[in-house]
Amino acid sequence: MRHAIVVAAALMASMLAEGAQAADHQVQMLNKGAKDVMVFQPDFVQAAPGDTVTFVPTDEGHNAESIWGMIPDGAKTFKGKASEQITVTLDKEGVYGVKCAPHYGMGMVALIVVGKPVNLARAAGVKQSGKAKRVFETLWDQVQVAN
């Protein structure tokens, strides 16, 4: 009987661990996307703590990097190399601003919300310029709708 209980407990633990696996969100880095030119597609990702986001250089010349002041406290900054894939693990709840450094002025930005947007006010207060500012205005609206 004791052996059967141990086996049943191990089976339940295994099933629970499988159900709790983190998701990987794929984001393409494109010269031309559904919305515009020089885009992350999608440019808005809703994720859970522990999920990963993989930025795929579908077109060459793009990178993905966090924007200073637009990540949660305690989260790691990231900076991918041009034309190279980068996978980022999102351990902290909050808002993550992302840019393609060469095309930031053309509005190539994205927003990731992990769990609750605990740093929303601070992230939204980061000064943006040019087309990136206009793109972020639409992305902030999506945060309000998603939460």
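Two strands are taken to pair if DSSP finds at least two bridges between them, and the strands themselves are DSSP runs of E with at least two residues, just as helices are runs of H or I with at least four residues, both numbered from the N terminus. The model is predicted, so local features need pLDDT of at least 70 and side-chain atom pairs count only at pLDDT 80 or more, whereas totals for chains, interfaces and linings use all residues. Residues are numbered from 1 along each chain as its sequence is written, and side-chain values use heavy atoms, with hydrogens and water left out.

By these criteria, β7 and β8 are joined by six bridges and run antiparallel. Lysine 99 faces valine 109 of β8 across this pairing. Both strands belong to an open sheet of four strands, ordered β3-β8-β7-β5, with mixed pairing. Its edges are β3 (44-47) and β5 (65-66), each of which pairs on one side only. Strands of a sheet pair through backbone hydrogen bonds, in either a parallel or an antiparallel sense.

Burial is judged by relative accessible area with a 1.4 Å probe on protein chains only: buried means under 20%, exposed over 50%, and partly exposed in between. Strand β7 (residues 94-99) has five of its six residues buried, so it is largely enclosed by the rest of the structure. Serine 66, in strand β5, is also buried, with a relative accessible area of 10%. Leaving aside residues up to four places away in sequence, serine 66 touches Ile71, Thr77, Phe78 and Gly97, where contact means heavy atoms within 4.5 Å.

The remaining feature is a pocket. On a 1 Å grid over the protein atoms alone, a pocket is an open set of points where a 1.4 Å probe fits, with protein on both sides within 12 Å along at least five of seven lines; lining residues have an atom within 4 Å of a point. The largest pocket has a volume of about 180 Å³, the volume being the space filled by probe spheres set on the points. Its lining comprises 15 residues, with Lys35, Asp36, Val39, Asp43 and Val135 nearest the centre. Both β2 (37-41) and α3 (130-146) supply at least two residues of that lining.
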